[in-house]
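Okay everyone, thanks for coming. Let me put the structure up, and then I'll walk you through it piece by piece.

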Amino acid sequence: MNPKNANSAAKNNESTAELIEDKKKFMALIDRAQDGDEEALPALRKVLDEEPRIARVVDLARDVERSIVKRMSGDDVFAQEAIPRNLKTMRREIAGENPSPIERLLAERITVCWLELQYFQAIYAQNLDKLTITQSDYHQRRIDKAHRRYLSSIKALAQIRKMGPAVQINIAEKQINTAG
Amino acid sequence: MGWESRQRGGLYYTRSRKENGRVVREYIGSGVLGQIAALEDEHERRQREEQAAYWKEEQQDLDALEGSVVELSEASDLLVRAVLLTSGYRQHNRGEWRLRREPKERQ
């Protein structure tokens with residue numbers, strides 16, 4: 001490995017380690033708040049306000065979406081253009097008018113989970129005649145899990161909407177840096 | 001599957017397969033016939049290996065993709081929990097979210 005690559009790999013490892021550490025702290029804070037620790041709430045609010053967490057997860061959602069679209073469309077330039085357009089429309093419809101940042105994020109998640117499910121189902125359908133029983137079973141399990149994730153994503157958005165506007169406006173709008 | 005040497009000399013090509021749980025050996029022949037069968041079997045074996053390698057690679061790619069969707073789902077679930085908690089809700093027995101009751105002020 002040349003020194004440049006070694007540096008880059010070390011940097012990546014460092015940032016992954018930082019992210020894991022950060023996630024651990026965030027989870028610990030959530031657990032403390034869940035257990036009724038009143039002091040954890042202001043700290044949790046501060047973390048939500050100060051760091052662009054939602055934007056980071058939205059970016060992750062977009063990356064995953066791009067990666068699935070790339071695999072699905074292959075060399076088909078029409079599909080490369082059409083699928084993201086359809087997803088954009090879908091995202092807007094799910095998010096509704098004037099969505100809060102958390103609603104936008106959940107609309108992204110639903111879209112990605114839907115796309116993942118479509119992709120796994122398409123692969124399975126295309127290869128149905130070539131698969132052994134074991135391979136078919138493996139694909140079916142993957143589809144089942146994707147389906148559960150899709151349903152959970154819908155449930156999460158429904159939950160936030162059920163709680164009403166008090167929850168939806170809780171996070172500063174500045175945290176979202178992507179539109180549509 | 002393979003070449004067997006005979007006591008009286010020469011090589012004989014055989015194939016083994018399972019029938020009703022028992023291994024059955026099929027004697028193909030020696031000379032050109034055996035060589036053709038051996039080449040056919042070799043070709044099929046390579047095809048199976050290539051198919052298996054392709055399947056393995058495909059599974060690894062799909063696993064990675066699935067992993068990133070799982071990561072996204074977990075991260076957004078954490079944020080939903082954080083938002084609900086900071087909005088005054090509390091999860092009841094890891095199930096339903098309910099509005100937290102404010103402690104009554106002392107008179």
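For burial, we place C-beta atoms from the backbone and count the others within 10 Å: 20 or more makes a residue buried, 12 or fewer makes it exposed, and anything in between is partly exposed.

Some housekeeping before I go on. Residues are numbered from 1 along each chain as its sequence is written, while chains are lettered from A and ligands numbered from 1 in the order in which they are written. This is a predicted model, where local features need pLDDT of at least 70 and side-chain atom pairs count only at pLDDT 80 or more, but totals for chains, interfaces and linings use all residues.

Back to B:Asn20. Where does B:Asn20 sit? It is in the loop between β2 (11-19) and β3 (22-29) of chain B. When I say helix or strand, I mean DSSP runs numbered from the N terminus: H or I with at least four residues for helices, E with at least two for strands. B:Asn20 also has a positive phi of about 50°, and it is not a glycine. Most residues other than glycine have a negative phi. The hairpin of β2(B) and β3(B) has 2 residues between the strands, and B:Asn20 belongs to that hairpin.

Now zoom out to the sheet. In chain B, 3 strands make an open sheet in the order β1-β2-β3, with antiparallel pairing. Because β1 and β3 of chain B are at the edges with a single partner strand each, one side of each has no neighbour in the sheet. From one strand to the next, the twist averages 45°; the axes behind that are lines fitted to C-alpha atoms, for helices over the stretch in contact, with angles from 0 to 180 degrees between N-to-C directions. By pairing I mean that DSSP finds at least two bridges between two strands.

Let's take the pairs in turn. Strand β1 (residues 2-5) of chain B runs antiparallel to β2(B), over 4 bridges. If you want a landmark there, B:Glu4 stands opposite B:Tyr12 in β2(B). Those two strands, β1(B) and β2(B), form a hairpin with 5 residues between them, and B:Gly9 in the turn has a positive phi of about 100°. Then β2(B) and β3(B) are joined by 7 bridges, again antiparallel, and here B:Thr14 faces B:Tyr27 in β3(B). How many of the 8 residues in β3(B) are buried? The count is 0, so to speak a strand that is hardly covered.

On to chain A. Chain A has 7 helices and 0 strands, and buried residues make up 26% of its 180 residues. Chain A has its own positive phi too: A:Asn98, which is not a glycine, has a phi of about 45°. A:Asn98 lies in the loop between α4 and α5 of chain A, and it counts as exposed because it has 8 C-beta neighbours inside 10 Å.

Now, how do the chains meet? 25 residues of chain B are in contact with 37 residues of chain A, where contact means C-beta atoms, placed from the backbone, within 7 Å. On the chain B side, the elements giving two or more residues are α1 (31-86) and β4 (89-91). The largest share, 21 residues, comes from α1(B).

Last stop, the largest nonpolar core. A nonpolar core is a set of buried Ala, Val, Leu, Ile, Met, Phe, Trp, Tyr and Cys residues joined through C-beta atoms within 7 Å. This one has 39 residues, and those touching the most other members are A:Val57, A:Ile102, A:Leu106, B:Leu72 and B:Leu79. The helix α5(A) gives the most to this core, with 10 residues. What is B:Leu79 in contact with, leaving aside its neighbours within four places in sequence? The partners are A:Arg53, A:Ile54, A:Val57, A:Ile102 and A:Leu105.

Terms used. Contact = placed C-beta atoms within 7 Å.
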